[in-house]
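This report describes a single protein chain. It begins with the annotated site and goes on to the packing around it.

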Amino acid sequence: MSGKRTRSFRIAVQHRDREELLRDRERALFHSMVAKIAHHFLADDRDRKYYADRYTCCPPPLFVLLVTLVELGFFTYYTVSTGIVTTTGPVPIDSPFIYRPDKREQVWRFFFYMLLHAGWIHLLFNLLVQVCVGLPLEMVHGSLRIGTVYMAGVLAGSLGTSVFDTDVYLVGASGGVYALLAAHLANVLLNYNQMEFGLLRLGCILFIASADVGLAIYNRYAVEQQGPPVSYVAHLTGALAGLTIGLLVLKNFEQKLHEQVLWWVALGVYAACTLFAVLFNIFNY
């Protein structure tokens, strides 16, 4: 009996040791990932250490993942419904979510157009940027702050389109995506000399964004449209929202005096642009 107990005890101890070793490896991998995110998305060494020491993934970064899954689900639904998928379609022009200039009184369209996409290239680019840029930003700044930046970009995209490109329809999450890109770009631009490969990263972001905007403009003016034209203005106005709202709501671990001035300037710019666009839509419907 004692021998059986001894064997059972040894097996239990070995099982406990394996579980502890596995947990130690998981913790080490998690802390390594958090440290890399802090290194790439924060400029100051003290901020990086502060974040890496305190991040616990509680609450988890769910906003970007949920938005990504919903957008993918909507694209799949409309693809199956129409039976076609191309680089520029399908564009569900009869959807109750698409932004249409003749249905501006349906206010929800100014937000929910982000759930639809014009083709798999449009969808793929937005989803990749959301996951690769938005998810780490959400881990650093939290779901509420990143959700605010994202939705501010979505709203700026539809309001900007309603003012500057008044005859087109609007689909896609590009307003929100470019808000995230612009918020990150502003951080890199202001702190590129403190970041590893700062100039290279700045150049890569500008190149990717420019290529996507260029493709959108090409599709708008050079490609024969099968239906109503789709706007590219949301890219630009979404980026403007990211630059301004990003300064307002993203965490600043050690705010300096000139950054407080920038905070008020950003608030004024976003509020003035939004108010102008809202009044434009009210009095020009």
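## Annotated site

Leaving aside neighbours within four places in sequence, His235 is in contact with Ser174, Tyr178, Asp212, Val213 and Ala216; contact means heavy atoms within 4.5 Å. The model is a predicted one, in which local features need pLDDT of at least 70 and side-chain atom pairs count only at pLDDT 80 or more, while totals for chains, interfaces and linings use all residues. Residues are numbered from 1 along each chain as its sequence is written, and side-chain values use heavy atoms, with hydrogens and water left out.

An unreviewed UniProt entry lists Ser174 and His235 under "active site". They span 62 residues in sequence, yet no two of their C-alpha atoms are more than 5.6 Å apart, so they gather at one spot. UniProt positions follow the numbering used here, feature names are shortened, and annotations may be inferred rather than shown by experiment.

## Surroundings of the two residues

Ser174 is in helix H7 (residues 174-191) and His235 in helix H9 (residues 233-249). Helices are DSSP runs (H or I, at least four residues), numbered from the N terminus. Ser174 counts as buried at 3% relative accessibility, and His235 counts as buried at 5%. Buried means under 20% relative accessible area (1.4 Å probe, protein chains only).

The side chains of His235 and Ser174 are joined by a polar contact of 3.4 Å. Such a contact is a pair of N or O atoms within 3.5 Å; within protein, one must be able to donate a hydrogen and the other to accept it, and residues adjacent in sequence count only if both atoms are side-chain atoms. Not counting residues up to four places away in sequence, Ser174 touches His122, Asn126 and His235.

## Nonpolar core

The largest nonpolar core has 54 residues, and those with the most contacts inside it are Tyr51, Val149, Tyr150, Tyr178 and Ile245. A nonpolar core is a set of buried Ala, Val, Leu, Ile, Met, Phe, Trp, Tyr and Cys residues joined through side-chain atoms within 4.5 Å. Helix H6 (143-164) is among the elements that give two or more residues to this core, and H6 gives the most, with nine residues. Domain 1 (1-58) and domain 2 (60-283) both give residues to this core, so it lies between them. The domain bounds come from an automatic or database domain assignment.

## Confidence

The mean pLDDT of the protein is 79, and 76% of its residues reach 70 or more. pLDDT is the predictor's confidence in each residue, from 0 to 100. Confidence is lowest in helix H1 (residues 2-41), at a mean of 66, and highest in helix H4 (residues 109-112), at 94.

Definitions and conventions:
Buried < 20%, exposed > 50% of the residue type's maximum accessible area, 1.4 Å probe, protein only.
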